[in-house]
Amino acid sequence: MSTHEIRVIGDPVLRTPAADVTDVDGALVRLSEDMFSTMYEALGIGLAAPQVGVQKRFFVYDHGEDSGVVLNPRIVESDGEWAFEEGCLSVPGLSWEIVRPKTIHLVGVDLDGNELSIEADELEARLFQHEIDHLDGVLLVDHLDDEQRRDARRALNELTVARPSQSGGSFPMDTGGRSSGGGLHLP
Ligand SMILES: [Zn+2]
């Protein structure tokens, strides 16, 4: 098993909706093993394929109580609201309190082709929603309110201060055109 580089915000692969998994072959099984290694090394509890540059709809997870690989996941029901401080391996070092549904019903398929049906609550539900976002090209920063977005802009700019840049230190977001100010483009 080996680890992969985790793509970070600004990489277009994180903004591209992933395609359904249609075939489970040895390469996909090996990739999911590598994704577990990558996730453990980064101290994460979930990792979606686009985060290692693969545009396929699946993710791996291990939140301590349960772990697995979910192919073609879908949320068929969600309920409640829960605020939780949420971070992302692709937005390193930053986190925000974000409100999402508290419970969800997730369906999908595992590597052996078995149908999965999981009633998830709180952390597990949060994790699944976050990983499915990645498969849709959605990032944590898309869920921020106006005030959080202002903070995010500042924090992401600081992240790039040390980086030589042609664009005046702006973060290379791929969500829309450049503004005249050359700043961030958080939606
Ligand atoms: Zn993430």
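Predicted model: local features only at pLDDT ≥ 70, side-chain atom pairs only at ≥ 80, totals over all residues.
**Overall fold**

The protein chain holds 3 helices and 7 strands. Read from the N terminus, the order of elements is α-β-β-β-β-β-β-β-α-α. Of the 187 residues in the protein chain, 26% are buried. Contacts across the sequence are also counted. Taking contacts between residues at least 6 apart in sequence, 61% join residues at least 24 apart.

**Confidence**

The mean pLDDT of the protein chain is 87. A value of 70 or more is reached by 84% of its residues. Residues 162-187 have a pLDDT below 50. Beyond near neighbours in sequence, that stretch has 37 contacts in the model.

**A strand pair**

Strand 4 covers residues 82-88, and strand 5 covers residues 91-100. The two run antiparallel and are joined by 7 bridges. A hairpin of 2 residues links strand 4 to strand 5. Within this pairing, Phe84 stands opposite Ile98 in strand 5.

Asn72 lies in strand 3, which spans residues 67-79. Asn72 is not a glycine, yet its phi is positive, at about 45°. Glu122 belongs to helix 2, residues 122-135. Phi of Glu122 is also positive, near 45°, and Glu122 is a residue other than glycine. Val29 sits in helix 1, which runs over residues 26-41.

How does the burial of these residues compare? The table lists the C-beta counts for each.

| Residue | Other C-beta atoms within 10 Å | Class |
|---|---|---|
| Asn72 | 17 C-beta atoms | Asn72: partly exposed |
| Val29 | 13 C-beta atoms | Val29: partly exposed |

The classes follow from the counts. A residue is exposed at 12 or fewer such neighbours and buried at 20 or more.

**Val29 and its surroundings**

Which residues does Val29 contact, leaving aside its neighbours within four places in sequence? They are Val24 and Leu111. Val29 and Asp112 stand 83 residues apart in sequence. Their C-alpha atoms are 9.9 Å apart in space.

Key
Residues numbered from 1 in each chain as written. Helix = DSSP H or I, 4+ residues; strand = E, 2+ residues; numbered from the N terminus. Contact = placed C-beta atoms within 7 Å. Pairing = 2+ DSSP bridges. pLDDT = per-residue confidence, 0-100.
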